[in-house]
Amino acid sequence: MASETTTSTPNWTALQGKILDGGYEISECLLTSSESASFRIRVLGDRSLHPVVNVFRPEAAPLEQYLLWQ
């Protein structure tokens, strides 16, 4: 069976409200494209911080990001 390549844009906003390990909540979706999205992150227990995170589709992440993850 041949593998299929999906080219549709992910439903990035479905990530809003998800709680991540380490005490982070994906909050407001700031910017989206077919390859990535930027979100405001809420640090649970510390309302003074206002970080932003960029999330990439696995096949769209820059090589530097893959090397960092390794």
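Student: Which side chain does the side chain of glutamate 25 make a polar contact with?

Tutor: The side chain of arginine 42, at 2.6 Å. A polar contact here is a pair of N or O atoms within 3.5 Å; within protein, one must be able to donate a hydrogen and the other to accept it, and residues adjacent in sequence count only if both atoms are side-chain atoms. Before we go on, this is a predicted model, where local features need pLDDT of at least 70, side-chain atom pairs count only at pLDDT 80 or more, and totals for chains, interfaces and linings use all residues. Residues are numbered from 1 along each chain as its sequence is written, and side-chain values use heavy atoms, with hydrogens and water left out.

Student: Got it. How many salt bridges does the structure hold?

Tutor: Two, taking a salt bridge as a side-chain nitrogen of Lys or Arg within 4 Å of a carboxyl oxygen of Asp or Glu. Arginine 42 and glutamate 25 form one of them, with 2.6 Å from N to O. That pair links distant parts of the chain, 17 residues apart: arginine 42 sits in strand β3 (residues 36–43) and glutamate 25 in strand β2 (residues 24–32). Strands (E, at least two residues) and helices (H or I, at least four) are DSSP runs, numbered from the N terminus.

Student: And which residue does glutamate 28 bridge to?

Tutor: Glutamate 28 pairs with arginine 40, and their closest N and O atoms are 3.3 Å apart. This pair also connects distant parts of the chain, glutamate 28 in β2 and arginine 40 in β3, 12 residues apart.

Student: Is glutamate 25 buried or exposed?

Tutor: Buried, with a relative accessible area of 17%. The cut-offs are under 20% for buried and over 50% for exposed, with partly exposed in between (1.4 Å probe, protein chains only). Arginine 42 is partly exposed at 29%. In the other pair, glutamate 28 is partly exposed at 41%, and arginine 40 is partly exposed at 32%.

Student: What else is glutamate 25 in contact with?

Tutor: Leaving aside neighbours within four places in sequence, its contacts (heavy atoms within 4.5 Å) include Gly17, Lys18, Ile19, Arg40 and Leu44.

Student: Switching to the sheet, what order do the strands come in?

Tutor: The four strands run β1-β2-β3-β4 in an open sheet, with antiparallel pairing. Two strands count as paired if DSSP finds at least two bridges between them. β1 (19–20) and β4 (52–56) are at the edges with a single partner strand each, so one side of each has no neighbour in the sheet.

Student: How many bridges do β3 and β4 pair over?

Tutor: Five, in the antiparallel sense. As an example, serine 38 has asparagine 54 in β4 as its bridge partner.

Student: Now valine 55, which strand is it in, and what does it touch?

Tutor: Valine 55 lies in β4 and is partly exposed at 23%. Beyond neighbours within four places in sequence, valine 55 is in contact with Trp12, Glu35, Ser36, Ala37 and Phe39. The C-alpha atoms of valine 55 and alanine 37 are 5.3 Å apart, though the two residues are 18 residues apart along the chain.

Student: Last one! Which residues make the nonpolar surface patch?

Tutor: Leu30, Leu31 and Val52 make a patch of about 280 Å². Valine 52 is in β4 and is partly exposed, at 49%. Patches use residues with over 30% relative accessible area and no salt bridge, joining like charges within 9 Å and nonpolar side chains (Val, Leu, Ile, Met, Phe, Trp, Tyr) within 5 Å. Accessible areas come from the Shrake-Rupley method with a 1.4 Å probe, and for residues only the protein chains shown count as cover.
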